[in-house]
Amino acid sequence: MIRTKLKRLLAQIRQAEVAYNRKEGSVLLLAVSKTKTAIEIAQAYSAGQRHFGENYCQEALKKQRELGAYDITWHFIGPIQSNKTKLIAEHFAWVHSVDSLRIAKRLSDQRPESLPALNICIQVNISGEQSKSGIALGELQELCEAVAALPNIKLRGVMAVPLTEDDFECQRKPFRSLYQAVIKLTNYDLDTYSFGMSGDLNAAIAEGSTVVRIGTSLFGNRG
Ligand SMILES: *Cc1c(COP(=O)(O)O)cnc(C)c1O
């Protein structure tokens, strides 16, 4: 079941790459496994999936312990409380949801020396006041400047979660504005656009996504 859905999803991603003149293989599938069990993750793994995203620190750590023998790259994509930064810095390869310098500094300070730099995306709120997480687009350059200077993290790009829209053109618009803003930030070597979920992955890929974060289409509804 998960194997079939994974195959279908990867085919959809490749199709979208072709349709929107994206380089083949330029969009990574991040399997969002929040609320799903270690067994379900293991099923996706055995079908070839290696990158998994989690929103809740304690839940993720439990699954990481259960799946210790698996060669998984773990991404943290949820809201970050400052009392969780140490565990996040110790147990993840990527964090997509950084939205303040204070959190970025803590992650850098708490990243173990024995591990490579923590990959960071800054979460940008591109739907205005209706959504709470993420910085405003106007704050992006200043935060990039400060975050890029931190020693134990590597600033990779941006993450966005726009409001749900059904219309394809409406879905594309916020991704496009953010992409256009980011390509102007040429000082920071940004290569990651964490755009697109189950409902808007084609629009995200059309607008430059390099990582689609997919839960429902792979693992089914979260109930
Ligand atoms: C839950 C979640 C996803 C996955 O959403 P689906 O609609 O299930 O694909 C992606 N990104 C973030 C930040 C999430 O919290």
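Colleague: E54, buried or exposed?
Modeller: Buried, since the relative accessible area of E54 is 0%. Buried means under 20% relative accessible area, exposed over 50%, and partly exposed in between, with a 1.4 Å probe and protein chains only.

Colleague: What kind of model is this?
Modeller: It is a predicted model, where local features need pLDDT of at least 70 and side-chain atom pairs count only at pLDDT 80 or more, while totals for chains, interfaces and linings use all residues. Residues are numbered from 1 along each chain as its sequence is written, and side-chain values use heavy atoms, with hydrogens and water left out.

Colleague: Back to E54. Which residue forms a salt bridge with it?
Modeller: K63, with the closest N and O atoms 2.9 Å apart. A salt bridge here is a side-chain nitrogen of Lys or Arg within 4 Å of a carboxyl oxygen of Asp or Glu.

Colleague: And K63, buried or exposed?
Modeller: K63 counts as buried, because its relative accessibility is 5%.

Colleague: What else does K63 meet in a salt bridge?
Modeller: The side chain of E59, at 2.7 Å from N to O. E59 and K63 are four residues apart in helix α3 (residues 57-66), so about one helical turn separates them. Helices (H or I, at least four residues) and strands (E, at least two) are DSSP runs, numbered from the N terminus. E59 is partly exposed, at a relative accessible area of 23%.

Colleague: Which residues end up in one network?
Modeller: E54, E59 and K63, joined by salt bridges that share partners.

Colleague: How many salt bridges does the structure hold?
Modeller: Eight. One of them is between R14 and E17, where the closest N and O atoms are 2.9 Å apart.

Colleague: Where do R14 and E17 sit?
Modeller: In helix α1 (residues 2-19), three residues apart, so they are separated by about one helical turn. R14 is partly exposed because its relative accessibility is 32%, whereas E17 is buried at 1% relative accessible area.

Colleague: Switching to rings. How many aromatic pairs?
Modeller: The count comes to seven aromatic pairs. Rings of Phe, Tyr and Trp (its six-membered ring) pair if their centres lie within 6.5 Å; planes under 30 degrees apart count as stacked, over 60 as edge-to-face and the rest as tilted.

Colleague: Why is the pair of F76 and F92 edge-to-face?
Modeller: Because the planes are at 80°, with the ring centres 5.3 Å apart. That pair links distant parts of the chain, 16 residues apart: F76 is in strand β3 (residues 73-76), and F92 is in the loop between α4 (85-91) and β4 (94-98).

Colleague: What about Y193 and F195?
Modeller: Y193 and F195 form an edge-to-face pair, 5.7 Å centre to centre with 70° between the planes. Both Y193 and F195 are buried.

Colleague: Which residues form one aromatic cluster?
Modeller: F175, Y179, Y193 and F195.

Colleague: Where is S217?
Modeller: In helix α9 (residues 216-219). S217 is partly exposed, at 30% relative accessibility. S217 and G199 are 18 residues apart in sequence and 8.5 Å apart in space, C-alpha to C-alpha.

Colleague: Last one, the surface. Which residues form a negative patch?
Modeller: E165, D166, D167 and E169. Patches are made of residues with over 30% relative accessible area and no salt bridge, like charges being joined within 9 Å and nonpolar side chains (Val, Leu, Ile, Met, Phe, Trp, Tyr) within 5 Å. D166 lies in the loop between β6 (153-159) and α7 (168-183), and D166 is exposed, with a relative accessible area of 77%.

Methods: Areas by Shrake-Rupley, 256 points an atom, 1.4 Å probe, with all protein chains shown as cover. Lys, Arg positive; Asp, Glu negative; His and termini not counted. Charge placed at Lys NZ, Arg CZ, Asp CG, Glu CD.
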